[in-house]
Amino acid sequence: QVQLVESGGGLVQPGGSLRLSCAASGSIRSTYFMGWYRQAPGKQRDFIASITSGGSIIYADSVKGRFTISRDNAKITVYLQMYSLKPEDTAVYYCSARTTIETYWGQGTQVTVSS
C-alpha cells in the first residue's frame, strides 16, 4: 500500500506561479512512476506530466513549456513547478504513483487561477 499527499495548492493570479509537492509513503520500494493529473469541475481527469525513476519525462501539450516536473527518488517525492498560470489551469491537481502491479492516487490539492 502506498499513500500520497499533495500540497502547495492555492489561489494565484493569472501569470503567476505555484509549486506543488507530492510525498509518498508506505510500500514504496517498487514505485517507478509518478505523475500529475488534474480535474476541473464537470470535466474528466486529465494527464499533465509524469516522470520515472530513471528520469524519463512526458508533458501534456496544454502545459508544455510552462510546467516542470521533477522527482526525488530517495524520498519518492514528485514536484510540479507551474509558471505563467492561466484561468483554465484551475482544477484539483492529483498525484499518482505506480508500481509493477498497482496505481495509487492522492486526495488532490486545489489550484485556482483568478484575478
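**View 1. T109 sits in strand 11, residues 109-113.** Strands here are DSSP runs of E, at least two residues, numbered from the N terminus. This is a predicted model: local features need pLDDT of at least 70, side-chain atom pairs count only at pLDDT 80 or more, and totals for chains, interfaces and linings use all residues. Residues are numbered from 1 along each chain as its sequence is written, and side-chain values use heavy atoms, with hydrogens and water left out. T109 counts as buried because its relative accessibility is 10% (buried is under 20% relative accessible area, exposed over 50%, partly exposed in between; 1.4 Å probe, protein chains only). Its contacts beyond four places in sequence include E6, S7, G8, L20 and Y93 (contact means heavy atoms within 4.5 Å).

**View 2. Y37, F47 and W105 are linked into a cluster by ring pairs.** The whole structure holds 2 aromatic pairs (ring centres of Phe, Tyr and Trp, the last by its six-membered ring, within 6.5 Å; planes under 30 degrees apart are stacked, over 60 edge-to-face, the rest tilted). Y37 and F47 go edge-to-face, at 5.6 Å centre to centre and 75 degrees between planes. That pair joins strand 4 to strand 5, 10 residues apart. Y37 is buried at 10%, while F47 is partly exposed at 28%. Y37 and W105 are edge-to-face too, at 4.9 Å and 65 degrees.

**View 3. The charged end of R19 sits over the ring of Y79.** It's 4.1 Å from the ring centre (the cut-offs: NZ of Lys or CZ of Arg within 6 Å of the ring centre and within 35 degrees of the ring normal). R98 lies over the face of F33, 4.2 Å from the ring centre.

Conventions
Helix = DSSP H or I, 4+ residues; strand = E, 2+ residues; numbered from the N terminus.
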